[in-house]
Structures are given as structure tokens and as C-alpha cells.
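Dear colleague,

I am handing over the structure below for your review. Please note that it is a predicted model. My findings follow it.

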Amino acid sequence: MEPRLCVIPGDGIGQEVVPVAVQVLRTVLPEVRYERAEAGWECFRSRGVAVPPETLDAVRRCGAALFGATASPGRVVPGYRSAILTLRQQLGLYANIRPAASTAGFSPRTGVDLVVVRENTEDLYVGRETRSGDVAVAERVISATASRRIARVALRIADTRGAKKLTIVHKANVLPVTDGLFRDSVREVVAGWDGPSAGIEVEETYVDVAALRMVGAPESFDVVVTTNLFGDILSDAAAHWSGGLGVAPSLNLGDGVAIAEPVHGSAPDIAGTGAANPAAAILSVAMLLEHVWERPDLARRVTHAVGSALAGGVHPPVLSSVRDTVLHLLESSDGGTS
Ligand code: NAI
Ligand code: MG
């Protein structure tokens, strides 16, 4: 069956970078069929719902989506909930995969090549907060099922990367019940793994030490598996080493459904100026090629073309500069692989 993509540009620069990523995808995989759908703050303002039911249906039908960005009002608005959080929860997107790799000539450091595999449904993000007078409490939910499930995703990625090391990040010294359960569940899956990365070096690191290493020695990581909040923070720090939010891709993965999404938001400060870097959105499409459509060859071509475009120097306006170079490399006879 031909691959299908649900295209959800969303708000702000999502409207600018998503069309570029789609153009790139059309170049390398012309047989993809597209459906367009709405979600986000503008959608809420015009229709009263941030993720309309037909958007959920479209993503389910296609099995894959590219989401640009959502803006948020920055204040409590009755009836509004973040579009991307709604999509993750409604579609059961339990894994968030966030790679960070150096590009020579562009990134602030060479030698970084890591992926943060973050549990995407639990932890403090279940959003159960209560307040009683002076005290506010947030519930932190960790289950063995979700922890084992994210461990399997991390090990499958380790298998295909030919990874040398798996780092389990937790804080079980302070949170022995919740993070102890996470750690033990991951350990259990690792012990029983019979894929190519069986026997891989496994280390455990408390999240504070992991943060220090992410800043001081990012090349010491390969595959990192962790809980939702720790993964959110560590992966943003990791994104710094690849060159910032403009080049940081991610993939939200569930069973039979996935949403690729640049890590950045709607960037109202640069929206409409042509200054948005489309690399993060293009690399997010490359993640669909690799993890969903099983075309790692095309994923490599796209990633390589983006790397060459960034290394060759990015000039204002960044959006068209990166777009034109990437398309040129992919259309040239060597396929951007030279
Ligand atoms: P942001 O990611 O939109 O922007 C942070 C900074 O990075 C800004 O200076 C922006 O210009 C720059 N930047 C972001 N993407 C870029 C790109 N592709 N090329 C060049 N520069 C880029 O985060 P911010 O400003 O905190 O939030 C803006 C809005 O986006 C808020 O409403 C926030 O809630 C929302 N947001 C949505 C996310 C999502 O859709 N997953 C994630 C983060 C924020
Ligand atoms: Mg974040």
C-alpha cells in the first residue's frame, strides 16, 4: 500500500516549514499520498477546538503525520488544551524519539551522535494537579507497562543504530518507588533482549549527573532511555549540540501511528520573516522515512542533504536558503550522497 501522510502545519512558522518538508518528501518519495488537517491555537480560535475529531481520524487513517507547531495562549483558556499533548494522548503515542547529532561546520561541537528515547504518556505530564490553600500537588505516574514498552523502543533503536551503549536515566535515589519501578522495568527488558544489541553496555545515571554530562561530555551518550519530564529537558539540552531548535527533529511513535514534529514551537518572533530554519521539519520527515516507512536509505539521503546544506553555510533568508540547497542536492544525479 502506498504511504500516506497527514499534514498538519499548525501555527506560526509551522505554516512555513511544513510545506518545505513536504516538498522534500515529494522529491524523494513521489508515491506518498497527502491529507491536510487542522490543529492548534488558530484552529481553536476559529472552530472552538484545538484538535477536531476529523484531524484525529485523518492521522489514524494515514498512520503517519507531520505536525508543524502549536502556539499556546500562555494563560488558562476554558476548553483549550495543547494540541500536541491531545494528539499524543488520544493516539497513544507512547514514545518520543529525539536524536541529536553534530554537523561539521554548523554545530557548536563535533562528535555528538545520540538519541533520547523518552516515555511520552506518563510522569508529571498526566496533568493531575491539585491545590489546597498553601499547597499545590502534581501526581507523578510511572507504570511497569509503559516503562517496559519504552525500553523495547530504545532497544529496537539501539539494534538499528548499531549502538554501543544504553544509558538509563532516572532518579531512583530520591524517588525509589516511581523511578525504582522505571529502572527495574527497563533492566528487566534489557536482560531478556535477544536483538542485535543484546549484551550492549548498559549504564545507569541519575538525571542530575546526566544533565551535567549532556553539557560537558555529550559525546559520552549513545542511546538514552528515560521518563517523560527528564527526557523533555535532556533532549532540549542535547538539541543545543546539533545546532539549536531550528535543526532538532522528533518522532512521536505509537502502535501503527506516528507523528513527526520539529521540537521547536510556533516562533512568533520570526514568523512571516523567512528566518525559520526548515531543517528540523525536514529531518522529522526523515524520521518517518526511517521508522515508519522503512526506507532508511531515503532517510540517510535526506539527512545527508540537510547536513551538507547546513555545513555549506546558511544565508538569510534561512528558509529559502536551506530549502533550495536541500532540493538541489536531492535532485542532482548523486542524490546528495557525495
Ligand atoms: P519556540 O520554539 O517557538 O522559539 C524559541 C526560540 O527559537 C525563538 O527565538 C525562535 O525564533 C527560535 N526558533 C524556533 N524555531 C526556529 C527555527 N525553525 N528556525 C530558527 N529559529 C527558531 O519556543 P517559544 O518561543 O518558547 O514558544 C513560542 C510558542 O510556541 C508558544 O506559544 C509555545 O507554547 C509554543 N510551543 C509549541 C511547541 C510545540 O508545538 N511542540 C513547543 C514549544 C513551544
Ligand atoms: Mg520541550
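The largest nonpolar core comprises 105 residues, and A21, V117, A154, I282, V285 and V302 have the most contacts inside it. Helix α9 (residues 279-291) supplies the largest share of this core, namely 10 residues. At least three core residues come from each of the two domains, domain 1 (1-97 + 243-338) and domain 2 (108-242). V285 illustrates the packing: leaving aside residues up to four places away in sequence, V285 touches A21, V24, L25, L66, A260 and V302.

Strand β10 pairs with β5 (residues 113-119) in the parallel sense over four bridges, and V116 stands opposite V224 in β10. Strand β8 (residues 165-170) also pairs with β10 in the parallel sense, over four bridges; here T167 is the residue opposite V224.

As to the protein overall, there are 11 helices and 12 strands. The radius of gyration is 20 Å, close to the 20 Å that the globule rule gives for 338 residues, so the protein is as compact as a globular protein of that length. Its C-alpha atoms fill a box of roughly 55 × 50 × 40 Å along the principal axes. Of the 338 residues, 49% are buried. Among contacts between residues at least 6 apart in sequence, 75% join residues at least 24 apart.

With kind regards

Definitions and conventions:
Residues numbered from 1 in each chain as written. Chains lettered and ligands numbered in written order. Predicted model: local features only at pLDDT ≥ 70, side-chain atom pairs only at ≥ 80, totals over all residues. Core = buried A, V, L, I, M, F, W, Y, C linked by C-beta atoms within 7 Å. Buried ≥ 20, exposed ≤ 12 C-beta atoms within 10 Å, placed from the backbone. Helix = DSSP H or I, 4+ residues; strand = E, 2+ residues; numbered from the N terminus. Domains from an automatic or database assignment. Contact = placed C-beta atoms within 7 Å. Pairing = 2+ DSSP bridges. Rg over C-alpha atoms; globule rule 2.2 N^0.38 Å.
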